Amino acid sequence: MLHRGERSGTQEQTPARGTSLLMKRLALLGWLCTRLAGSQPMMDVEQAICEATNKTRQQHSAGPVTLDSVLSDVARKHSEEMLEHGYFSHSSPTAMCRSLSDRLRNDHRYCLSSAENLYKCEGYAKEQLAESAMSNWMHSGSHRQNLINGRFNRVGVGIARQGPVVVFTQVFSYEPVIVQSLQVVPENQGFRVRLTALVADGPKQGGLFVDDRRKLNWEAGADGTFTAELLLPKAGLLQIGQLIGTREWSVDTEIPIPTPASHP
């Protein structure tokens with residue numbers, strides 16, 4: 001049986017003719033430096049949000065979440081796209097990134113349980129950003145629930161900045177089994193699938209299922225990883241189940257075959 005989870009003014013003077021070109025070059029250099037600095041990920045703010053999240057979760061008797069680099073990359077790309085295309089929404093205008101599930105799958109993360117918090121602000125000093133985002137989320141019912149949901153075990157935080165405007169994306173997921181590498185190769189009329197996965201939570205034994213039918217068993221090593229390979233005769237849904245009882249498996253990972261990356 002399978003169980004699925006669910007500002008100040010300035011005055012300028014006209015420079016002497018001999019220094020005009022130099023001043024222009026210096027101004028251009030300063031502008032470029034400002035743009036480059038503004039485009040760098042604010043890792044320290046992202047880390048501060050993660051730490052504040054876990055402190056908040058502890059206060060509400062929820063377990064900690066692990067900061068995940070892949071989830072942070074997913075979050076950061078969404079923040080950057082929102083700024084670039086001038087929208088603010090969980091739904092992207094880009095077809096391949098329409099929903100959070102789409103964005104996760106593009107990076108080979110196939111969890112069934114995930115959530116996303118968004119925040120946008122301007123005019124705050126850098127050292128105020130983490131506190132501003134957390135305060136906003138904690139005063140919003142749905143965002144607060146995501147923050148203190150005890151089911152989630154991983155989090156990603158991605159921030160993008162354009163001038164004074166800062167956009168935050170926070171992604172939560174529950175991933176007992178994390179796909180570390182995935183190769184899907186067309187073969188004959190079907191697909192050969194090779195994967196390596198890490199058991200981050202729960203039983204270290206289980207099975208691979210295709211459209212709810214068990215195809216093979218797996219057992220993780222001492223480091224929590226396992227590898228598997230199988231041939232699918234046609235497109236379908238590959239499920240990773242963890243053994244929780246006699247002929248009972250818990251499924252929180254489902255991979256569509258072919259995956260977006262394996263399309264011709």
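**Start with helix α2.** Select residues 43-59, which form helix α2. The buried residues of α2 pack against β2 (66-67), α3 (69-85), α5 (129-138), α6 (141-148), β4 (154-162) and β5 (165-174). Helices (H or I, at least four residues) and strands (E, at least two) are DSSP runs, numbered from the N terminus. Which residues of α2 are buried? They are Val45, Glu46, Ile49, Cys50, Thr53, Asn54, Thr56 and Arg57. Buried means under 20% relative accessible area, exposed over 50%, and partly exposed in between (1.4 Å probe, protein chains only). An α-helix has 3.6 residues a turn, so residues three or four places apart point the same way.

Now check the length of α2. The expected span is 1.5 Å times one less than the number of residues. For the 17 residues of α2 that gives 24 Å, and the end C-alpha atoms are 24 Å apart, which agrees. Step past the helix to Ser61, which has a positive phi near 60 degrees.

**A word on the model.** This is a predicted model: local features need pLDDT of at least 70 and side-chain atom pairs count only at pLDDT 80 or more, while totals for chains, interfaces and linings use all residues. Residues are numbered from 1 along each chain as its sequence is written, and side-chain values use heavy atoms, with hydrogens and water left out.

**Zoom out to the whole chain.** The chain has 6 helices and 12 strands. Of its 264 residues, 42% count as buried.

**Select the largest nonpolar core.** It has 23 residues. A nonpolar core is a set of buried Ala, Val, Leu, Ile, Met, Phe, Trp, Tyr and Cys residues joined through side-chain atoms within 4.5 Å. Pick Val45, Ile49, Leu129, Trp137, Ile159, Val166 and Phe168: they touch the most other members. α2, β3, α5, α6, β4 and β5 each supply at least two residues of this core. α5 gives the most, with 5 residues.

Click Ile159. Leaving aside neighbours within four places in sequence, Ile159 is in contact (heavy atoms within 4.5 Å) with Met42, Val45, Glu46, Ile49, Arg76, Ser79, Val166, Val167 and Phe168. A second, separate core of 22 residues includes Val193, Ala220, Phe226 and Ile240.

**Show the open sheet.** Its 4 strands run in the order β2-β4-β5-β3, with mixed pairing. Strands pair if DSSP finds at least two bridges between them. β2 and β3 are the edge strands, each pairing on one side only. β2 and β4 run parallel, joined by 2 bridges. Find Thr66: its bridge partner in β4 is Arg154.

**Pick out the aromatic pairs.** Rings of Phe, Tyr and Trp (its six-membered ring) pair if their centres lie within 6.5 Å; planes under 30 degrees apart count as stacked, over 60 as edge-to-face and the rest as tilted. The count is 4 pairs. Select Tyr119 and Phe168: the ring centres are 5.3 Å apart and the planes at 40 degrees, so this pair is tilted. Tyr119 lies in β3 (residues 113-122) and Phe168 in β5, so the pair ties together parts 49 residues apart in sequence. Both are buried.

Next, select Phe209 and Trp249. Their centres are 5.2 Å apart and their planes at 70 degrees, so the pair is edge-to-face. Phe209 is in β8 (residues 205-210) and Trp249 in β12 (residues 248-257), 40 residues apart. Relative accessible area is 3% for Phe209 and 8% for Trp249.

**Follow β12.** 9 of its 10 residues are buried, so β12 is largely enclosed by the rest of the structure. Strand β1 (residues 2-4) runs parallel to β12 through 3 bridges, and Arg4 stands opposite Val251. β11 (residues 236-245) pairs with β12 in the antiparallel sense over 9 bridges. Gln242 has Ser250 as its bridge partner. The β11-β12 hairpin has 2 residues between the strands; Arg247 in the turn has a positive phi of about 55 degrees.

**Last stop: Ala235.** Look in the loop between β10 (225-232) and β11. Is Ala235 buried or partly exposed? Ala235 is partly exposed, at 46% relative accessible area. Its C-alpha atom is 6.7 Å from that of Gly190, 45 residues away along the chain. Beyond neighbours within four places in sequence, Ala235 is in contact with Phe191, Ile257 and Pro258.
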